[in-house]
Amino acid sequence: MAYIPPVALTIAGSDSGGGAGIQADLRTFSFHAVHGTSALTCITAQNTQGVSRVDALAPEAIIAQIEAVFTDMGVQALKTGMLLNQPIIEAVTDYLKGLVDVDCVIDPVMVSRTGAQLIDDNAIAALKKLIPLATVLTPNRYEAEILSGQSIKTLEHMKTAAQAIQGLGAKAVIVKGGGFDNELRGIDVWYDGTTLTRLTTSCIDTADTHGTGCTLSAAITANLALGLTPFESAKRAKEYVTQALNYSLRIGTGQGPVGHFYPLLT
């Protein structure tokens, strides 16, 4: 008898080095027994040392990919990653507004975990209009500073930022602490309008952390597709990322990726 798995969609960029983006998302979906589908927004020339080139796809090409999936498959949950520019963000937002009963995980991908801005101010303004569609929004520290309009240096700052960002319309927000270099490293804050709490697991000491943000949002998406609640999806996703960090890959001469296939190694 054929197995009918839940279906998840990732709308994101391609990472030629395989550590983040579409490649990380699809591997994460697979290791949650969820069928992964994709819509590429841009193609990057990228390895463990960085990104050397980015080519955006036309918004029409991106929407055609999304529509091809939705008109044929029952998508239970989707995530957005790198949307790159204002026209792409606006096109994706307009399409997602028309969806019914599909959980949306929005990974803002505005600023890297080191603080480098990845998209321009016009794109950031457009991205803020996507936030009300989020079942779960997953900003890192620097993205949360932009969205909340406040500096984030303490756990209390993370909590107040999560509350402020949730007020922009997202059903739930996770402010990620992976970019800290102190005791807050690896501590995330969850807020869904009712529950304000920390999500904490072991802190893994590794320099090979490429793809953690993509992997977390993809794992949340996969768990939502499997029928878990947003909060349980987030908790399990954080555990998955922690183990993937524990089995991170020493590939290349720069920052290696997390080990998405760690279940095969344990």
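Trainee: What should I know before I start?
Mentor: The model is predicted, so local features need pLDDT of at least 70 and side-chain atom pairs pLDDT 80 or more, while totals for chains, interfaces and linings use all residues. Residues are numbered from 1 along each chain as its sequence is written, and side-chain values use heavy atoms, without hydrogens and water.

Trainee: How many salt bridges are there?
Mentor: Seven. A salt bridge here is a side-chain nitrogen of Lys or Arg within 4 Å of a carboxyl oxygen of Asp or Glu.

Trainee: Why do such side chains pair?
Mentor: Side chains of opposite charge can pair when their charged atoms come close.

Trainee: Which residue does Asp-188 bridge to?
Mentor: Lys-238, with the closest N and O atoms 3.0 Å apart. Asp-188 sits in strand β8 and Lys-238 in helix α8, so the pair ties together parts 50 residues apart in sequence. Helices (H or I, at least four residues) and strands (E, at least two) are DSSP runs, numbered from the N terminus.

Trainee: Is Asp-188 buried or exposed?
Mentor: Buried, at 5% relative accessible area. Lys-238 is buried too, at 9%. Buried means under 20%, exposed over 50%, partly exposed in between (1.4 Å probe, protein chains only).

Trainee: And what about Asp-208?
Mentor: Asp-208 bridges to Arg-250 at 2.6 Å. Asp-208 is buried at 7%, but Arg-250 is exposed at 54%.

Trainee: Which residues form a network?
Mentor: Glu-232, Lys-235 and Arg-236 are linked by salt bridges.
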